[in-house]
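Welcome! Open your viewer, get ready to select residues, and follow along stop by stop.

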Amino acid sequence: MSIVNLHPRTKIVILAVVGCLVVLLDGPISLAVCFLASTCLVARSRASWHQIRLLILVVLLGTWGLVYSQAIFYSEFPRTPIFTLINQDFPVIGEVTGGIRFYREGLLYGAVQSLRFNTTLAIGCFIVWTTPPRDLLVALVQLGVPYSLAFMVTTALRYIPLIGSEAVTVVRLQRLRGFRFLRLNPIRTFSGILNSLRPILMNNVRRATQLGEAVESRGFSPEVAAGNRTSLRALKMGRCDGSLMLLLLACLLSVFCLKTLYFLYANGLYYASWLRGAYTFTREML
């Protein structure tokens with residue numbers, strides 16, 4: 001069974017387990033493994049080159065922003081400055097801040113945080129790109145999510161590509177009219193950006209109004225229980241789905257137990273000599 005054809009509930013469980021793991025894990029190696037696994041899923045999703053390019057752009061920008069900001073504003077000790085951006089004797093800014101430096105520990109901390117963000121982002125893209133909105137709606141309802149909330153989530157995911165395409169169209173039209181977004185005059189730049197956002201916002205409001213009218217005309221009511229609703233397409237889980245879910249839950253439970261045991265050991269609450277290997281593994285890897 002292909003990973004793309006997994007049951008939508010299995011994909012949602014994958015997202016939930018990975019979301020918990022990126023919070024529990026602190027080691028760069030374990031987080032890098034999670035990120036590589038998520039990128040493998042994206043590679044198997046048969047996504048278009050445009051989608052892959054957009055994901056790579058978001059990952060690079062997010063990583064750069066987190067690493068750069070954490071390297072500058074890292075406040076924990078010890079911290080080792082790599083180079084100085086603004087000296088302490090620089091007028092006003094240097095006197096107020098005491099100097100702005102690029103710290104090695106902040107760079108490593110930002111890299112770890114970027115692995116958390118990028119892993120979750122890649123898993124989310126995999127689910128959205130490989131799961132039809134109708135199947136995702138049915139899966140959320142089967143997992144016990146209120147129907148109205150599940151409907152809003154799937155509707156929002158469905159309209160994100162439309163908003164992106166509208167933004168690209170508006171920017172292209174502005175360029176054809178001779179407008180340049182990066183100018184020396186900040187007032188004209190802000191005015192041009194505002195003029196670009198106005199049609200995008202108006203189209204979204206118009207589309208939301210039409211969607212609300214269409215939903216009401218078809219008798220949608222959030223008060224109706226989800227159990228009274230039926231679906232034309234039945235979703236059934238296979239053996240691969242059950243095995244993968246059990247494996248993921250076992251992995252999450254194992255990490256949680258190891259982290260709990262190490263927390264008790266580090267705080268002097270509980271220690272067992274036969275768990276020294278587990279303590280070492282948790283400290284070095286997790």
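A disulfide is a pair of cysteine sulfur atoms within 2.5 Å. Select the cysteines with that in mind: the structure holds zero disulfides. This is a predicted model, in which local features need pLDDT of at least 70 and side-chain atom pairs count only at pLDDT 80 or more, while totals for chains, interfaces and linings use all residues. Residues are numbered from 1 along each chain as its sequence is written, and side-chain values use heavy atoms, with hydrogens and water left out.

**Stop 1: the whole chain**

Switch to a cartoon view. You will find ten helices and two strands (DSSP runs numbered from the N terminus: H or I of at least four residues for helices, E of at least two for strands). From the N terminus on, their order is α-α-α-β-α-β-α-α-α-α-α-α. Of the 286 residues in the chain, 30% are buried; buried means under 20% relative accessible area, exposed over 50%, and partly exposed in between, with a 1.4 Å probe and protein chains only.

**Stop 2: the core**

Now select I14, V17, L21, L25, L31, V42 and I123. These residues have the most contacts inside the largest nonpolar core, which has 34 residues. Such a core is a set of buried Ala, Val, Leu, Ile, Met, Phe, Trp, Tyr and Cys residues joined through side-chain atoms within 4.5 Å. Helices that each supply at least two residues of this core include α1 (8-24), α2 (28-43) and α5 (104-130). In soluble globular proteins, nonpolar side chains tend to be buried together.

Zoom in on I14. Which residues does I14 touch, not counting those up to four places away in sequence? The answer is L6, I123, L244 and L248, where a contact means heavy atoms within 4.5 Å.

**Stop 3: N118**

Move to helix α5 and pick N118. Is N118 buried or exposed? N118 counts as buried because its relative accessible area is 3%. Leaving out residues up to four places away in sequence, N118 touches F35, V59 and T63.

**Stop 4: a surface patch**

Helix α3 (residues 49-73) gives the largest share of the patch, four residues. Finish on L57 in helix α3, which is partly exposed at 46% relative accessible area.
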